[in-house]
Amino acid sequence: MCGIVGYIGNREAYPIVLKGLERLEYRGYDSAGIVLYDGQDLQLCKTQGKVLDLKKKSEKENITKGHVALGHTRWATHGVPNDVNAHPHYSNSGNLVIIHNGIIENYASIKEELIKRGYVFHSDTDTEVLVNLIEEIQKHEGVKLGKAVQIALNQVVGAYAIAVFDRNKPDEIIVAKLGSPLAIGVGEDEFFIASDASPFIEYTNNAIYLEDEQMAIIRKGRDVRVRQIDGDKQVAPYIQELQLNLEQIEKGGYEHFMLKEIYEQPEAIKDTYRGRLRINDGIVKMAGLEDNIHKFLNAKRIIVVACGTSWHAGLVAEYIFEDLVRIPVEVEYASEFRYRNPIINSDDVVIAISQSGETADTLAAIKLAKENGAFVFGVCNVVGSSIARESHAGAYTHAGPEIGVASTKAFTTQITVLTLMALKLAKRNGRISQSEFHQYLAELETIPAKVERSLEVDSHVKYISSIYKDVANFLYLGRGYNFPVALEGALKLKEISYIHAEGYPAAEMKHGPIALIDEQMPVVVIATKKGHYEKVISNIQEIKSRKGKIIAVVTEGDRDVKLLADHVIEVPETYEALTPLLTTIPLQLLSYHIAVMRGCNVDQPRNLAKSVTVE
Ligand code: M6R
């Protein structure tokens, strides 16, 4: 999962590509590189580290001129993160240069063959193998670059979004896609290439999203020719108008994207239900669901496939779907589902949840589900993403771009969409009455204001963070609807502060984790009034008697937990099924403040990337 950016036109390419790389750094930040064509030759600069390091190096070395450029920000797969393994990569002759997001699985055998033919490799990457394979085909078969790329891609196994440039043909760039995203920005006499549209949003609103197994020849000042990789079929490019704006992808005065995105949640949730939650008409309007409602109502089972935070949203969905709709739900890690030979029937509905819509395991899981005849419904944030396109139908979360690697608003907006779906279905199959339905909608409409109130605990949470910032372990406990929130709270803390954290169903604690509790162990307990309150109080007593430190998330005005806990954080009261939308807020803030206090890179935690497009 790396970020790729390219430009061909009449402007100076350097600032465009560099800015674009900064915007794509969420996809990986182990190393960065840029190649520019200055009208005569190629100039390459690459370095281990971030785009800022690349900027310093390229400006020092005066590599900033040219009207064509390719840039790359890397999340290492083959080969350690260092200067040599950084992209772009040259072919042996130095004529071709490539950037690549993805993995070439059969690179080793191709490399062996190329070595036999005299090729020399400088890096450990699969990408350098691909560019030399293209060069070998060009030489051996005497074909043009586009054809050579096509022949090469038919020989490789794996995933890719690539851009290839030949210094002998400086008015064109060849791009291709399979399994990794690739957008082409179409301007006046200029074209942009990027893993998503954010690098070119201030230049053009027109974009072509390549489909899997498509390649394109981008010809400067002329056109974009799209064709299938596995044949010679030309495809008419579909130019889409983008809805993204620049403000949405900038920090807007916040110190970090994560904090900005935490604070955006009231608006993001409103955006999610806008036009869908129609109290006056007494309906939930969701075209993707409406058009396929019988698939859901006749389903024997719903299978949710997702990863990470999206998987946690899936767990919340399990509770609400089973509670309100009474259809059995199974929640699967996409990475397990795709490989464990699961039983999938044609009367199963598979809901794939993914912020990015590009997660490789989730994508593979839905392909498997489709092959087995299941109906696939995608819940994605990124419009036009691979999962959104691969699903039979779906609903977008409309959370706006999420840049921080730690998911925040993606989680709450996914829950909002899934709740709307559950309510619509429950009403349609008669499991809830019109008045219950109405009450739920009315309560859901109060959630943005309640999230805002939940954000008011920020300075108190910051104070709590200062007390526990140096501990080695954290435990998070919740029951019912708040068990997934406990898992999510623990994931947030470990991914951005590198503190070991475990989430557990509160009652499971006595089956093992209780052994961990001593006076050093902070335990975050979600103990809201609605949802097994008395039982959670008993769990708190058990922690207290072992001297654990209790940080409790409680309902406003709570008295009982206050008597037991070391710290309480209040959130407004709501229906039990909607509590995750509120209880998750202080846990996001807790992980954020602890990570900042520990000096961690909140938006770009080590070893991670925003969208995991490799398995
Ligand atoms: O884009 P997706 O929602 O499919 O991503 C899934 C996970 O990679 C993602 O939620 C990850 O766990 C986040 N970093 C968690 O904050």
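Predicted model: local features only at pLDDT ≥ 70, side-chain atom pairs only at ≥ 80, totals over all residues.
This is a short walk through one protein chain, from its overall build down to a few single residues.

Let's begin with the whole chain. It has 20 helices and 27 strands. How compact is it for a globular protein of its length? The radius of gyration is 25 Å, close to the 25 Å that the globule rule gives for 615 residues, so the chain is as compact as a globular protein of that length. If you draw a box around the C-alpha atoms along the principal axes, you get roughly 80 × 55 × 45 Å.

Now, what's inside and what's outside? Of the 615 residues, 61% are buried. The chain exposes about 23200 Å², and carbon and sulfur atoms supply 47% of that. As for contacts, take those between residues at least 6 apart in sequence: 71% of them join residues at least 24 apart.

Next up, a sheet. This one is open, with 7 strands in the order E5-E6-E7-E8-E12-E13-E14, and the pairing is antiparallel. Which strands stand at the edges? Those are E5, residues 89–90, and E14, residues 234–235; each has a single partner strand, so one side of each is left without a neighbour in the sheet. Over at the E14 end, E13, which covers residues 224–228, pairs with E14 over 2 bridges. There you can find Arg227 standing opposite Gln234 of E14.

Helix H5, residues 145–153, lies across E6, E7, E8, E12 and E13, and it runs at about 160 degrees to E7.

While we're around E5, have a look at the loop between strand E4 and E5, where Pro88 is found. The peptide bond joining His87 and Pro88 is cis, with omega at about 0 degrees.

On to cysteines. How many disulfides does the structure hold? The count is 0. Take Cys380: the nearest cysteine sulfur belongs to Cys307, and it is 12 Å away. Cys380 is buried, at 1% relative accessible area. Cys600 counts as buried as well, with 13% relative accessibility.

Asp189 isn't a glycine, yet its phi is positive, at about 55 degrees. You'll find Asp189 in the loop between strands E9 and E10. Asp189 is partly exposed, with a relative accessible area of 46%.

Arg326 also has a positive phi without being a glycine, near 65 degrees in this case. Where is Arg326 found? Look in the loop between helix H10, residues 308–325, and strand E19, residues 329–333. Arg326 is exposed, at 53% relative accessible area.

That's the tour. Thanks, everyone!

Conventions: Residues numbered from 1 in each chain as written. Heavy atoms only, no water. Pairing = 2+ DSSP bridges. Helix = DSSP H or I, 4+ residues; strand = E, 2+ residues; numbered from the N terminus. Contact = heavy atoms within 4.5 Å. Axes fitted to C-alpha atoms, helices over the stretch in contact; angles between N-to-C directions. Rg over C-alpha atoms; globule rule 2.2 N^0.38 Å. Buried < 20%, exposed > 50% of the residue type's maximum accessible area, 1.4 Å probe, protein only. Areas by Shrake-Rupley, 256 points an atom, 1.4 Å probe, with all protein chains shown as cover. Disulfide = S-S within 2.5 Å.
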